[in-house]
Amino acid sequence: MIQTLGEIPKPVHVKGIEPIPPYYTPLGIDGKPAKFLKAKSKTKSNCDHCDLCVKVCLMGSINSEDPSKIDGICIKCQACVKNVQNKKNILMIRHFYHMLKC
């Protein structure tokens, strides 16, 4: 059975640092805040345009016509890098397997 509140409860005080400090900001080698959100993955020259990175991008930010272009926001999840690397590892294993069979 679902019950509803008859009145709004009083606020709860939680111990902590007052005032709340800013979020952690990593520093660059020059000691200034690093603008890592502007960093984007780069496509290597040996890209075979398989579009795997486009398909796995959680934000849908990789351009399907030109994977070297990031059209949207990159959240640095590295899904593109991890999945493409796994594909290349699988292809390399298959290549060596075929070489051993001969």
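Biologist: Before we place any residue, what counts as a helix here?

Modeller: This is a predicted model. Helices are DSSP runs of type H or I, numbered from the N terminus.

Biologist: How many helices and strands does the protein chain have?

Modeller: Count the runs along the chain. Strands number 0. Helices number 2.

Biologist: Where is Asn-63 found?

Modeller: Look at the two helices on either side. α1 covers 52-56 and α2 covers 79-101. Asn-63 sits in the loop between α1 and α2.

Biologist: Is Asn-63 buried or exposed?

Modeller: The cut-off for buried is under 20% relative accessible area. Asn-63 has 17% relative accessibility, so Asn-63 counts as buried.

Biologist: Which backbone nitrogens lie 2.7 Å and 3.0 Å from a polar atom of the Asn-63 side chain?

Modeller: A polar contact needs N or O atoms within 3.5 Å. At 3.0 Å from the side chain of Asn-63 is the backbone nitrogen of Asp-66. At 2.7 Å is the backbone nitrogen of Glu-65.

Biologist: Leaving aside neighbours within four places in sequence, what is Asn-63 in contact with?

Modeller: Contact means heavy atoms within 4.5 Å. With those neighbours set aside, the partners of Asn-63 are Val-54, Lys-69 and Asp-71.

Biologist: Now Asp-51. Is Asp-51 buried, partly exposed or exposed?

Modeller: Asp-51 lies in the segment before α1. Buried is under 20%, and exposed is over 50%. Asp-51 has a relative accessible area of 24%, so Asp-51 is partly exposed.

Biologist: What separates the C-alpha atoms of Asp-51 and Ser-64?

Modeller: Along the chain, these two are 13 residues apart. Asp-51 touches Ser-64, and also Pro-67, not counting residues up to four places away in sequence. The C-alpha atoms of Asp-51 and Ser-64 are separated by 6.5 Å.

Biologist: How much space lies in the largest cavity?

Modeller: Rolling a probe the size of a water molecule over the atoms shows where empty space is left. The structure holds 1 cavity of 30 Å³ or more. The space in the largest cavity is about 130 Å³.

Biologist: Which residues are closest to the centre of the largest cavity?

Modeller: The lining has 15 residues. By class, 11 are nonpolar, 3 are polar and 1 is charged. Closest to the centre are Cys-57, Cys-74, Ile-75, Cys-77 and Cys-80.

Biologist: Across the 102 residues of the protein chain, what percentage is buried?

Modeller: The accessible surface comes to about 9,700 Å². Carbon and sulfur atoms hold 62% of that surface. Among the 102 residues, the buried ones make up 11%.

How values were computed:
Residues numbered from 1 in each chain as written. Predicted model: local features only at pLDDT ≥ 70, side-chain atom pairs only at ≥ 80, totals over all residues. Heavy atoms only, no water. Helix = DSSP H or I, 4+ residues; strand = E, 2+ residues; numbered from the N terminus. Buried < 20%, exposed > 50% of the residue type's maximum accessible area, 1.4 Å probe, protein only. Areas by Shrake-Rupley, 256 points an atom, 1.4 Å probe, with all protein chains shown as cover. Polar contact = N/O pair within 3.5 Å; in protein donor to acceptor, adjacent residues only side chain to side chain. 1 Å grid on protein atoms, 1.4 Å probe; cavity = no way out; pocket = protein on both sides within 12 Å on 5 of 7 lines; lining within 4 Å. Points joined across faces, edges and corners; volume = space filled by probe spheres on them. Nonpolar A, V, L, I, M, F, W, Y, C, P; charged D, E, K, R; others polar.
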